[in-house]
Amino acid sequence: MERRPGGEANIRTGEKVMTRPRTHPIRRYRRRALALALLGGIAGLTLLAPWLATADPRHAVPADQWLAPSAAHPFGTDHLGRDVFSRVLYGGRQTLAMGLLALGITLGPGLVMGLVAGYAGRWVDRALMTVMDALLAIPSLLLALALIVVLGSGTTQAALAVGIAGIPVYARVTRAAALEARALPHIEAARSIGVRPVGILGRHILPVIRPVLLSFAGVTFGWALLNGAALMFLGYGGDIAAPDWGVMLAGAREAFRSAPWAAVAPGVALSLTVFATNLLASSFNGSRASK
Amino acid sequence: MIPILVQRLGAALVVAWLALTLVFVALRWIPGDAVDATLARGITSEADIAARRDALGLNDPIPRQYFDYLGGVLHGDWGESLVYGQPVTDIIAQNIGPTAALALGALLLGSTLGITLGILAGLSHWPPLRYGAEAAASLALATPVYWTATLAIYLFSVQFDLLPGVGASGARNLVLPVLVLGFHTAGSIAHVTASAVKETAQGDFVRTARAKGLPTPDVLDHILRVGLLPVVAVIALQFGFLLGGTVITETIFARRGLGRVLLRAISDRDYPVIQGVIVLSALAYSLINALADVLYTWIDPRINSHTEGR
């Protein structure tokens, strides 16, 4: 039974990459196509928001509070009488942008530290991973909250907090994959003929562990979306009038007894995006053999 | 067994100490005047604020503050709230019960549901059941508490009036929060279980068991004994996500608990309380993972021989 790089790490770091040992390539590509279509659709809708929206997402009409879905307001209206449909479209922009920013903040340092630790080994590895373990001991949402205390509230700060909180897990997964890849014969050969570490990392190790990295980047993006929206939900986003799925879910909480639609639209949008992201992540894993 | 236990628990304590250090250092970056604003509640003159700063040791050099705090933590003195003047340990003691009940209940439900869904998704030969379980697991993973809770309260307490929705305490009030948080937790446990049992089912010993004509329940027993092993570790790791989840669940259901204590402390910039709650969760999380590690080694003695110690 062949073990792919990162297989062990997946279990030990508790990340959610689906290790699918023998998924047929065609099924994987079908998964990927479906996931990309969903994500593309969602991104397209939010980008086209100015043309698709039927109302200004910030325009409050107090008289129209909590209107049920109708032709004028396909998803109803919220507590300030704003059009939920338009807010969901515009809200996706901020939610997705926050997710992408957080992802970028996680990937850069996480990848570098993981590769360096996994490749250099010895004391570098031990020092880096000790710090990562200490950070990992703090549940990621609590870590993000602690960072909010220091950074202050605001959408950029929230994305930054979520991104930093994701670094330790990404570094651990990368390190485990790099460690396992280092033992592969062709990489050992490259080392023995004196290829420089940077060359080995870039040309030999990265391509081998790419599926693990891509797959886990997908999972990280899903987390970033959920944690980012959680911070927005809790009210650390600064601008509370801004259209944002997390903010909308928080606002909808006030009257879900009488007007559940205000929560359904942003909730479904967020879940669908995270679902597509996880699906995309699962389609990357294990494609090394087919490469 | 005992040496492993001691070693793992020791490692967990070291990790928790490092986490404490990181949190301590991070929270020192809060601007001083923000702390003054917190201290100023109820106090008017600047001299009083200065006196309070002095009394709390906020004017000491940072290393001194750190060692005082560390020594205090070891002696059960976790500092006192800047706003309420109450010892942090008291605040924690008063609020830990509901949070522990919620977290453990959700962990129990999440594990049961997650393992069941995972086994169905990984082993069922009937496609509708397999895809159904897979879809349920993906759904659980993609639906955060802050939106399923709203939906669940609407369905169970508004539409059908079965369960109390938002409320403070009592066993019946625990049902809905546990259900919501447990469901989200089940997602990742199900995914790991599915891939673990699926991989195990392709093992040679399973083929042998089938080939010699063992009845299906016995084959399943073979698979699960091996396949469910890694799930132990994952369940322990899920505990961390759960602790994050309790913060939001408590907010939505307006429950008493550490999560709300933390949020209130964050808006007050009451950093001894923030520090206390975070250090406590780091400690609980590392200890639970250490215990899971030991349990894992105990169930499967091979583990220790081929994993480099962590």
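Predicted model: local features only at pLDDT ≥ 70, side-chain atom pairs only at ≥ 80, totals over all residues.
Figure 1. Across all chains, 8 aromatic pairs are counted. In the pair shown here, the ring centres of Trp223(A) and Phe241(B) are 5.6 Å apart and the ring planes stand at 45 degrees, so the pair is tilted. Because Trp223(A) belongs to helix 9 (residues 197-234) of chain A and Phe241(B) to helix 11 (residues 229-252) of chain B, the pair joins two chains.

**Figure 2. The aromatic cluster that includes Trp223(A) and Phe241(B).** Ring pairs connect Tyr170(A), Phe216(A), Trp223(A) and Phe241(B) into a cluster. As context for the residues from chain A, the secondary structure of that chain consists of 11 helices and 0 strands, and 58% of its 291 residues count as buried. Among the contacts in chain A with a separation of 6 or more, 74% are made by residues 24 or more positions apart.

**Figure 3. Packing of helix 1 of chain B with helix 4 of chain B.** Helix 1 (residues 2-27) and helix 4 (residues 62-74) of chain B pack at an angle of about 140 degrees, and their axes are 11 Å apart. The two helices of chain B, helix 1 and helix 4, are therefore oblique to each other, and helix 1 of chain B passes helix 4 of chain B in a right-handed crossing. On the side of helix 1 of chain B, the contact is made by Trp17(B), Leu20(B), Thr21(B) and Phe24(B), which meet Ile62(B), Gln65(B), Tyr66(B), Tyr69(B), Leu70(B) and Val73(B) in helix 4 of chain B. The residues of this contact divide into 8 nonpolar, 2 polar and no charged.

**Figure 4. The ring pair of Phe24(B) and Tyr66(B).** Phe24(B) is buried, with a relative accessible area of 3%, and Tyr66(B), at 12% relative accessibility, also counts as buried. The centres of the two rings, Phe24(B) and Tyr66(B), lie 5.3 Å apart and their planes are at 65 degrees, so the pair is edge-to-face. The pair links distant parts of the chain, with Phe24(B) in helix 1 of chain B and Tyr66(B) in helix 4 of chain B, 42 residues apart.

Conventions. Residues numbered from 1 in each chain as written. Chains lettered and ligands numbered in written order. Heavy atoms only, no water. Axes fitted to C-alpha atoms, helices over the stretch in contact; angles between N-to-C directions. Helix = DSSP H or I, 4+ residues; strand = E, 2+ residues; numbered from the N terminus. Parallel < 35°, antiparallel > 145°, perpendicular 65-115°, else oblique. Left-handed = near helix turned anticlockwise from the far one by under 90°. Contact = heavy atoms within 4.5 Å. Nonpolar A, V, L, I, M, F, W, Y, C, P; charged D, E, K, R; others polar. Phe/Tyr/Trp six-rings, centres within 6.5 Å; stacked < 30°, edge-to-face > 60°. Buried < 20%, exposed > 50% of the residue type's maximum accessible area, 1.4 Å probe, protein only.
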